[in-house]
Amino acid sequence: MTTTTSVSAKIDNGVNVNALLDARTALEQAPEAAQFKWRASCEWVNGTHSRSAIGNFFGLGAEQSRNKTFTVDADHPQLFASEDNAPTPVELVLSGLASCLTAGVAAVAQRRGIQLHSVKASLEADMDIQGILGIDDEVRNGFGAIRVHFDIRADAKEDDIKALVAQSQKRSAVFDIVTNPTNVVVTVN
Amino acid sequence: MKFATAIIIGAGQSGLAMSRHLSALSIDHVVLERGEVANSWLTERWDSLRLLTPNWQSRLPGYAYAGDDPDGFMTMPEVVCFLQQYSRSSCAPVVTGVRVAQVRQLDKGYQVETDQGPWRCRKLVIATGACNLATIPSPAAGLPARVASLTPLQYKNPALLPDGGVMIVGASASGIQLAREIQAAGRRVVVCVGEHVRMPRTYRGRDIQWWMDVTGAMDVRYDTMVEDIERARRLPSLQLIGTPERVTVDLNSLRKAGVELVGRLVGLCDGKAQFSGSLANHCALADLKMNRLLTSIDDWVNTSGLARQFAPPHRFEPTDVGPETRLSLDLIRAGIGSVIWATGYRPNYSWLNVPVFDRKGRIRHDGGIVSAPGMYVMGLPFMRRRKSSFIDGAGADAGDLAAHLSQNLNRAAA
């Protein structure tokens, strides 16, 4: 009879937590290096269709370039008498929120030694379009509310999985951007 | 010029505990107190305030609560009496009515300038407390002049508030206690809720502080928590209140009583307050944290084999703030007459003219041993142990720091 000793597999959600922790330690001593600038440029294509280009950003005290430029298109759907070439900007915001929270879940799970098997988020946001159509001044342009549901399979108890999602929100950039006011300054020419 | 080997600034529980230990070590010292013994308890607390720790847990070196209500919660006059009696029975060398204006570093000690003349000492113990000033967040600058602005250090009772509703910013110990009493007095109350620590008053038939004590949670040392110690020190105060009825006050009970809960105050412009949309997450985080504590208590009970002595384990209703909470409030239109900033406290070290502060103005210390020779600080949250900022924690910290002070005195003299 053979006795099998269980070998605990190393938890791997694909996140290099050590690098993040090292960065955190380093930046604690050099807060100037923690000042980042994210950028995007956008060019009108036609109608409500535009194309954003994302490339360089600033961080750790220097310009950071990537070896490629990402493009993201946006448009309006046919229901809006448009051509539906790409998702709407508000749907891209939902995607941004979902991605930020999902990445956070993975990072927190890695940090806490929890092996994830699958993480799926579904989002829905209410919008009363009387706002954007200018029909009613008391209706805001943006979302009335956003609901996010996470479906997570992981080697952990339910409360520990809930804690991953709660912690992810606590440290999420997009969650903060969406739930709190941010100054936006627009200049022309 | 008056001289003492050690000067303790502040005659509250920390200062008196340190004095007791220094006397036991025959180290000559004086306790300089700007008011009377227990001055902050006497002058900077609201009328109805009681300790949120049970009376049996007020234990100081050589002294303890000896009244007839050990499981009750002392009122402020009772706390003042308790500490003044301690001072007398210790024959503590307290000099009252002395306000420290400045402390400067000397070659082998410190010069303490006071409104009663200067003192010199070799060792300095800062026992002025952690709650001298209320921390007021930046949105306060946008408060309309018509709306009164108060901190819990100024608040006394609901009748003294200006007419109208009250917006309480902060839902930790001060915030929830004030919300309950002001709501009960018939005012409209809105509470802005950010990060908070939820706790039931009792669990499985015992006071939560009894559990924290018996499981050793209050004795956890700062140096066993190296990774998380700064976060632990910044934790908001527990959502607890001391009442004869041993009530639990949490966001659910406040909401049922008619208090309106909104998210963290994130903006205040043209009289319009903006609240964060993250309230649900803050509540989820607090519920999860509370459940982790209750689970650790259950684990302790199981390991101890004493499960039969206690009521069975159970959990509390999750915090329910309703499906949608408001994101803004026009204060004037809503009839809000005052805002209370229950957004935390900090020590006042403006008189300490020694470079011992970090870039955020916090005093640099290692378990209460400050980064200047012969200087100590007491009473800060989780300074040395989780109980450091509680009355019950003053004694152990004072013992450790007095021993360190004494050892370094002898070494210097040799």
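## Around B:Val191

Beyond its neighbours within four places in sequence, B:Val191 makes contact with B:Ile168, B:Ala171, B:Gly175, B:Ala179, B:Leu254, B:Val259 and B:Leu261. Here, two residues are in contact if their C-beta atoms, placed from the backbone, lie within 7 Å. This is a predicted model, in which local features need pLDDT of at least 70, side-chain atom pairs count only at pLDDT 80 or more, and totals for chains, interfaces and linings use all residues. Residues are numbered from 1 along each chain as its sequence is written, while chains are lettered from A and ligands numbered from 1 in the order in which they are written.

B:Val191 also belongs to the largest nonpolar core, which has 132 residues. Such a core is a set of buried Ala, Val, Leu, Ile, Met, Phe, Trp, Tyr and Cys residues joined through C-beta atoms within 7 Å; a residue is buried if 20 or more other C-beta atoms lie within 10 Å of its own. The members touching the most other members are B:Ile7, B:Met18, B:Met167, B:Ile168, B:Val191, B:Ile340 and B:Met378. Helix H2 (residues 89-111) of chain A gives this core its largest share, eight residues.

## Where the chains meet

Eleven residues from chain A and twelve residues from chain B form the contact. On the chain B side, strand S18 (265-269) and helix H8 (279-304) each supply at least two residues, and H8(B) brings the largest share, five residues. Helices (H or I, at least four residues) and strands (E, at least two) are DSSP runs, numbered from the N terminus.

## The build of chain A

Let's turn to chain A. Four helices and seven strands make up its secondary structure, in the order α-β-β-β-β-β-α-β-β-α-α along the sequence. The radius of gyration of chain A, taken over C-alpha atoms, is 21 Å, well over the 16 Å that the globule rule (2.2 Å times the number of residues to the power 0.38) gives for 189 residues, so chain A is more spread out than a compact globule. Its C-alpha trace spans about 75 × 40 × 30 Å along the principal axes, and buried residues make up 14% of the chain.

An automatic or database domain assignment divides chain A into domain 1 (31-87) and domain 2 (88-180). Their centres, taken over C-alpha atoms, are 20 Å apart, and five residues of domain 1 are in contact with four residues of domain 2.

## Confidence

Chain A has a mean pLDDT of 94, with 95% of its residues at 70 or more; pLDDT is the predictor's confidence in each residue, from 0 to 100. Over residues 1-8 of chain A, pLDDT stays under 50, and the model has zero contacts there beyond four places in sequence.

How values were computed. A residue is buried if 20 or more other C-beta atoms lie within 10 Å of its own, exposed if 12 or fewer, and partly exposed in between; C-beta atoms are placed from the backbone.
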